[in-house]
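My notes follow the order in which I looked.

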Amino acid sequence: MNDDIQKVLYSEAKIQDTCVELGKQLTKDYQGKTPLVVCILKGAVPFMSDVIKRMNIYMDLDFIDVSSYKGGTVSTGEVELVKDLDSDVKDRDVLFIDDIIDTGRTLDYLKKLLKNRGAKSVKVCTLMDKPEARKVDTVQADYVGFDVPNEFLVGYGLDYQGKYRNLPYVGVLKPEVYKA
Ligand code: PRP
Ligand code: MG
């Protein structure tokens, strides 16, 4: 699998350092609160797992899954709920964790959904933000690890046709992998 990677953009060590930094900031900002941390399946799993270990506060954890009808590498725009939360979000401080914000459609949909259900606050922590790809200008993350270039990335949660999520770093695939 490693042989399919052309270049590493964010190494394992760099990602871990970023998780420590984000964890410190989140610990400070959520001091005295018990947020409901919501992991957006499936891409956010590795990042969620690392960042919550760096948050020294009480929290609850839940999972949600949406589909945005992505055939290959391009988003079609529609978002649909695939797996709902188990928790009631009314009056909760919700912190979404995602791996990347691209068009912004996933988070636009999810933030509206939880605000409509009466969440007290809704914030977003993403490892990567791709501002050049944004289609919904109003969506911004409150906590960002890296601003990333407009390239197709894999690893650390990000997939190509379901694969590469388990790479411990983020990189770019060799062109021949797409053609194969
Ligand atoms: C990816 C990524 C984000 C979302 C960002 O998830 O993990 O959740 O796309 O794109 P957007 O800003 O254009 O909405 P995807 O829907 O591909 O599902 P996955 O997490 O299961 O890979
Ligand atoms: Mg996702």
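Predicted model: local features only at pLDDT ≥ 70, side-chain atom pairs only at ≥ 80, totals over all residues.

These entries take the sheet, then the ligand shell, then the core.

**Entry 1**

I looked up a sheet of 3 strands. It is open, its order is β1-β9-β8, and the pairing is antiparallel. Which strands stand at the edges? β1 and β8 do; each has a single partner strand, so one side of each is left without a neighbour in the sheet.

I then went through the bridges. Strand β1 covers residues 5–10 and β9 covers residues 170–173; 4 bridges join them, and they run antiparallel. I found Ile5 opposite Leu173 of β9. Strand β8, residues 153–154, is joined to β9 by 2 bridges, again antiparallel. Both pairs on that side can be named. Leu153 has Val172 in β9 as its bridge partner. Val154 stands opposite Gly171 in β9.

I kept one general point in mind here. In a regular strand, side chains alternate between the two faces of the sheet.

**Entry 2: the shell around ligand 1**

How many residues surround ligand 1? I get 17, and the closest are Lys42, Gly43, Asp102, Thr103 and Thr106. I checked which has the largest share. It is β5, with 4 residues.

I also sorted the shell by residue class. It holds 7 charged, 6 polar and 4 nonpolar residues.

**Entry 3: the largest nonpolar core**

I turned to the largest nonpolar core, which has 42 residues. Which members touch the most other members? They are Val38, Val51, Val94, Phe96, Ile97 and Cys125. At least two core residues come from each of α1 (12–29), β2, α2 (45–52), β5, α3, β6 (121–129) and β8. Here, too, I asked for the largest share. β5 supplies it, with 6 residues.

What does Val51 touch, leaving out residues up to four places away in sequence? The list is Cys19, Leu22, Gly23, Ile97 and Cys125.

**Entry 4: cross-check**

I set the entries side by side. β5 has the largest share of the ligand 1 shell, and β5 has the largest share of the core.

Definitions and conventions. Residues numbered from 1 in each chain as written. Chains lettered and ligands numbered in written order. Pairing = 2+ DSSP bridges. Near = placed C-beta within 6 Å. Nonpolar A, V, L, I, M, F, W, Y, C, P; charged D, E, K, R; others polar. Core = buried A, V, L, I, M, F, W, Y, C linked by C-beta atoms within 7 Å. Buried ≥ 20, exposed ≤ 12 C-beta atoms within 10 Å, placed from the backbone. Contact = placed C-beta atoms within 7 Å.
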